[in-house]
Amino acid sequence: MMSWSYSPDLAVTSLPALIAQRMAARDAPFIDDGQGRSLDFADYWQLSGRFASALSASGVGAGDRVAVQVDKSIEAMALFHAVMRCGGVLLPLNTAYTIAELDYFIGDAEPKVVVCAPAVAAALTAVADRHGCRAVMTLDAAGNGTLFEAAALAPPMPAECRCQWDDLAAILYTSGTTGRSKGAMLTHGNLASNALALGELWQFTAADVLLHALPIYHTHGLFTATNTVLVTGGAMIFLARFDAEEVMAQLPRATAMMGVPTFYTRLLQHPALGRDSARHVRLFVSGSAPLLAETHREFERRTGHAILERYGMTETNMNTSNPYDGERRPGTVGLPLPGVQLRITEAATGRPLPRGETGMIEVTGPNVFKGYWRLPEKTAEEHRADGYFITGDLGMIDGDGYVSIVGRGKDLIISGGFNVYPKEVESEIDALPGVVETAVFGVPHPDFGEAVTAALVLKRPDVGPDEQAVLAALEGRLAKFKRPKRVIVVESLPRNAMGKVQKNVLRQTYAKLYT
Ligand code: AMP
C-alpha cells in the first residue's frame, strides 16, 4: 500500500538474483546438516533450480502463491528459493498447524501448489481441492517425495525470474494471538534491503559460518538468519532443530549464531558452556522476544561474549540492533538500522513524543512490508498518513538513541485509570533473589478495571520468595498502583515456539482470579 519503492544501485532486481550474484564466487561448502551431509552453493542452487522447474511445470508463474508445510531440511530451504525463482510467492506454514488451521490459510491465500509432508498429503489434498489448488506435492524430512521425483525429471532451470524489487516474495501469516492471523506481504526489496543492512552492520563475510538452529517457517530463521549469510557469501550449519547438546557440539565450527532468548538460557544450563566452547565464535545475536538483562550478563560472564540483541517483526523485518562495535546495552534493542526511521508517538493521536517518553513504536523504511494480504482496511488502520507503520509495540528512546521495548500495546495494563507497563514491574521482580523470571499481565477486576497480576518462576519453590515476600519487597520500589494484586508461583511461563511468553494464555487462565 505504501508508495515507497526500492531502487538500489545493483545490477539485479530480485532476492534470488542477488543471492546468486553474491554466492557465485563461493567454492567452499555452503550448507551442511550437522550430520555429515553438505552441499556447495552450485549444487544447492541447481537443486533449487530443478524444484523451480517442477513448480513451473505445475503452473506456478509470476505472483502465484505456493504454500509449504514441511520439516526443516536443506531441501526445504532450496524449495523456498525455488518458489521465488519462478516468480512465485512463498507461503511458509508452521509445522504445528492443524488441518483446520491450514484450511484457513489455504482458503485465504489461494495457493496454486501446496507442498507438505507425506503424512498429511491425503488430508491436505481434500482441503487443496476445495480451494481450487492445482497440485499437492510432498517433501519429507530426508528431502524425498513427489516434489523431489518431479524435480529429478525436470530440466535445470534456464533463467532466473524477472521479478522487480517491489514484487511479492512471500506472505507470512502473523502469529495472531487475537483474532485471525493476517498475511504480511513482503517484497523482494524488503528482504534484500534488510539482508544487506544486517550483513554490513554485523560484519558478515565469506569467512562466516552461521549456526542455524531456528525453525524456518518464521521470519527469524527463514529470512533474517539465512539472507544475511546469502548476501555476504558465507556458509551455514543447518540443524533440524535446537538441541543444546547438538549446538554445543557444532559451536566450535561456527563463527556466528542467531537465536531466540530461550536458546541462550538453555545453553547456560549446559555445564560445558564456557570461553573455550565459544572460542571460534565472533557474534551471538538474540531476538524475537526480550532477552533478560540477567541472561545477557550471565552469558558474558561464562563465555566473554556480549549477546547482540536486535528487534524486528514479521511485518518489518529487522528494525533496530545493538552495535557490532560499541556498547551492547542489556535490556535494550539498540539503534535503528541504516535506512530505517523509528519514532515514538502517543498511541491514540500519533503525536511524536520526545526522547525518554514511553509510547507507540512506529517505523518506516525499505524493510517495512507492503500491507496485509487482501486486507486494505486493516493495512490502512495500522499505518499513519505519512506512511509510518504502527508496530503495536510500546517503547522509548533514551538520550543516546538506544530503543527499549516495554511490551506489546495490547499487554499494557490500565489499573484504576493508570497505565502500568508490564516490563517495569517484571524487571523489579526479576531482580529479587531466587527469581528466575516473571510475566506481569492484566486480569479483569471489579474495582480497578484491570488488576496487575504476576506469574513467577522460582529457582527453588521450596525456598521462595513467596507472594507476601515479593509484595513486601516491591513496597518501597514501585508506586502502589503498579504493584501486583496477586503473585502466582508457576513452574514455567507459557511460550510459543519462538520463545515468546503468551500473555493471552495467562490472561485466560487467570481470568476469574478477582471475580
Ligand atoms: P513476530 O512477528 O512473530 O516476529 O513478532 C514480533 C514481535 O516480537 C515484536 O513486535 C515484538 O513485540 C517482539 N520482539 C521481537 N524482538 C524483540 C526483542 N529483541 N525484544 C523484545 N521484543 C521483541
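I note here that the model is predicted.

**Backbone**

I kept glutamate 110 on the page for its backbone. Its phi is near 45 degrees, which is a positive value in a residue other than glycine. I placed glutamate 110 in the loop that runs between α4 (99–109) and β5 (113–116).

I then checked arginine 374, where phi is near 55 degrees, again positive in a residue other than glycine. Arginine 374 sits in the loop between β18 (371–372) and α12 (376–381). I looked up its accessibility as well: the value is 46%, so arginine 374 counts as partly exposed.

Next I checked peptide bonds. Glycine 464 and proline 465 are joined by a cis peptide bond, with omega about 10 degrees. I found proline 465 in the loop between β24 (449–458) and α14 (467–474). I noted these entries because most residues other than glycine have a negative phi, and most peptide bonds are trans.

**Ligand**

Which residues come nearest to the ligand? I find 16 residues around the ligand, and the nearest are Glu309, Arg310, Thr314, Asp393 and Lys500.

For arginine 310 the atom is a backbone N or O, and it lies 2.8 Å from a nitrogen atom of the ligand. For threonine 314 the atom is an N or O in the side chain, 2.6 Å from an oxygen atom of the ligand. For lysine 500 a polar side-chain atom lies 3.0 Å from an oxygen atom of the ligand. I then looked up the area: the ligand taken alone exposes 490 Å², and the protein buries 91% of that.

Which strand gives the most to the shell? I find that β13 does, with 5 residues. Both β13 (308–313) and β20 supply at least two residues each to the shell around the ligand.

**The sheet that holds β20**

I followed β20 into its sheet. There are 4 strands, in the order β16-β17-β19-β20; the sheet is open and the pairing antiparallel. I noted the edges: β16 (341–345) and β20 (403–408) each have a single partner strand, so one side of each is left without a neighbour in the sheet. The twist from one strand to the next averages 45 degrees.

Inside this sheet I looked at β17 (residues 359–364) and β19 (residues 389–397), which are antiparallel and joined by 4 bridges. One pair I wrote down is valine 363 with phenylalanine 389, its bridge partner in β19.

**Strand β8**

I turned to strand β8 (residues 183–187), where 5 of 5 residues are buried. How are the faces of β8 made up? I find Gly183, Met185 and Thr187 on one side and Ala184 and Leu186 on the other, all of them buried.

I checked the partners of β8. Strand β7 (residues 168–173) pairs with β8 in the antiparallel sense over 5 bridges, and alanine 170 stands opposite leucine 186 in β8. β18 is joined to β8 by 2 bridges, also antiparallel. There the bridge partner of methionine 185 is glycine 371.

**Two buried helix residues**

Is phenylalanine 299 buried or exposed? I find a relative accessible area of 0%, so phenylalanine 299 is buried. The residue belongs to helix α11 (residues 293–303). Leaving out residues up to four places away in sequence, I list its contacts as Tyr264, Leu268, Leu273, Phe284, Gly304, His305 and Ile307. I also took a C-alpha to C-alpha distance from phenylalanine 299 to arginine 477: 27 Å in space, for 178 residues in sequence.

Threonine 224 counts as buried, at 5% relative accessibility. With residues up to four places away in sequence left out, threonine 224 touches Leu198, Thr219, Met258 and Met318.

Terms used:
Residues are numbered from 1 along each chain as its sequence is written. This is a predicted model: local features need pLDDT of at least 70, side-chain atom pairs count only at pLDDT 80 or more; totals for chains, interfaces and linings use all residues. Side-chain values use heavy atoms; hydrogens and water are left out. Two strands pair if DSSP finds at least two bridges between them. Axes are lines fitted to C-alpha atoms, for helices over the stretch in contact, and angles run from 0 to 180 degrees between N-to-C directions. Buried means under 20% relative accessible area, exposed over 50%, partly exposed in between (1.4 Å probe, protein chains only). Contact means heavy atoms within 4.5 Å. A residue is near a molecule or strand if one of its heavy atoms lies within 4 Å of it. A polar contact is a pair of N or O atoms within 3.5 Å; within protein, one must be able to donate a hydrogen and the other to accept it, and residues adjacent in sequence count only if both atoms are side-chain atoms. Accessible areas come from the Shrake-Rupley method with a 1.4 Å probe; for residues, only the protein chains shown count as cover.
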